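Dear colleague,

Please find below the structure that I am handing over to you.

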Amino acid sequence: KDRIHEHYPQLPGEVMDKMLAMDAGELDLLLQYPQAVKGQVEEYLEVFREKGGKYLETYRTPTLTWEEVKAMKGAGTVGLGTGFDAPGEGHLAGERSTDHALVGGGGDGGLTDAERLGLPAPTSLP
C-alpha cells in the first residue's frame, strides 16, 4: 500500500483497494515499472469514474501477457512463456515427458469418452 501511495497519494480508496486485490506477483512487477503501474491506475480510475466503485469491485483486467512482461523488462528477458504455442526464447519445445495414455487416458493412446467431452475425470484409488 505504501509503494502505491508513494506514486499516487490522492488515489480514491476504491481504486487503492482494487490495486491491493491484484495478484501479488503482478502488482510487484507493475510497481517496478512506473509506466506500467501508471497504466493500471489510470485504467482503474477510468472505470471508477465512469461506472462507480461497486462496478470496479467486480471489474477484471486481463493478467499481463508474456509479451507485455518482456516489453516492460526489455530485451534479453528470458522465461518459459505461457502455453505450448508461446513464441520466443525459453519456450519448452519438443516432446512432452509423459504419454497421455499413461497419465489418465483410455489406455489405448487416446482419450476416454469423458475426456473427449471435457468432463471431469473421477479419481479412484486401487
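Predicted model: local features only at pLDDT ≥ 70, side-chain atom pairs only at ≥ 80, totals over all residues.

**Overall fold**

The protein chain contains eight helices and zero strands. The chain has 126 residues, and 23% of them are buried.

**Salt bridges**

Side chains of opposite charge can pair when their charged atoms come close. How many salt bridges does the structure hold? There are three salt bridges in the structure.

One of them joins aspartate 28 to arginine 3, with 2.9 Å between the closest N and O atoms. Aspartate 28 belongs to helix 3 (residues 24-31) and arginine 3 to helix 1 (residues 2-7), so this pair ties together parts that are 25 residues apart in sequence. Both partners are partly exposed: aspartate 28 has a relative accessibility of 32%, and arginine 3 has a relative accessible area of 39%.

Another salt bridge is formed by lysine 38 and glutamate 42, whose closest N and O atoms are 3.9 Å apart. These two residues are four residues apart in helix 4 (residues 34-51), so about one helical turn separates them. Lysine 38 is partly exposed, at 35%, and glutamate 42 is also partly exposed, at 42% relative accessibility.

The remaining salt bridge to describe connects glutamate 57 with lysine 54, and here the closest N and O atoms are 4.0 Å apart. Both residues lie in helix 5 (residues 53-58), and because they are three residues apart there, they are separated by about one helical turn.

**Aromatic rings**

A pair of aromatic rings is described by the distance of the centres and the angle of the planes. The structure has two aromatic pairs. In one of them, the ring centres of tyrosine 44 and tyrosine 59 are 6.3 Å apart and the ring planes meet at 85 degrees, so the pair is edge-to-face. Tyrosine 44 is in helix 4, whereas tyrosine 59 is in the loop between helix 5 and helix 6 (66-73), so the pair ties together parts that are 15 residues apart in sequence. Tyrosine 44 has a relative accessible area of 4% and is buried.

Tyrosine 59 also pairs with tyrosine 55: this pair is tilted, with 6.4 Å from centre to centre and 40 degrees between the planes. Tyrosine 55 counts as partly exposed, at 38% relative accessibility. Through these ring pairs, Tyr44, Tyr55 and Tyr59 are linked into a cluster.

What sits over the ring of tyrosine 55? The charged end of lysine 51 sits there, 5.2 Å from the centre of the ring.

**Two further residues of helix 4**

Glutamate 43 lies in helix 4 and counts as partly exposed, at 25% relative accessibility.

At 14% relative accessibility, leucine 45 counts as buried, because the limit for a buried residue is under 20%. Leucine 45 and leucine 56 are eleven residues apart in sequence, and their C-alpha atoms are 9.0 Å apart in space.

**The largest pocket**

The largest pocket has a volume of about 260 Å³. Which residues line the largest pocket? Its lining consists of Lys18, Ala21, Met22, Asp23, Glu26, Tyr44, Glu57, Tyr59, Arg60, Thr61 and Thr63. By type, the lining residues divide into four nonpolar, two polar and five charged.

With kind regards

How values were computed. Residues numbered from 1 in each chain as written. Heavy atoms only, no water. 1 Å grid on protein atoms, 1.4 Å probe; cavity = no way out; pocket = protein on both sides within 12 Å on 5 of 7 lines; lining within 4 Å. Points joined across faces, edges and corners; volume = space filled by probe spheres on them. Nonpolar A, V, L, I, M, F, W, Y, C, P; charged D, E, K, R; others polar. Salt bridge = Lys/Arg side-chain N within 4 Å of Asp/Glu carboxyl O. Buried < 20%, exposed > 50% of the residue type's maximum accessible area, 1.4 Å probe, protein only. Phe/Tyr/Trp six-rings, centres within 6.5 Å; stacked < 30°, edge-to-face > 60°. Lys NZ or Arg CZ within 6 Å of the ring centre and 35° of its normal.
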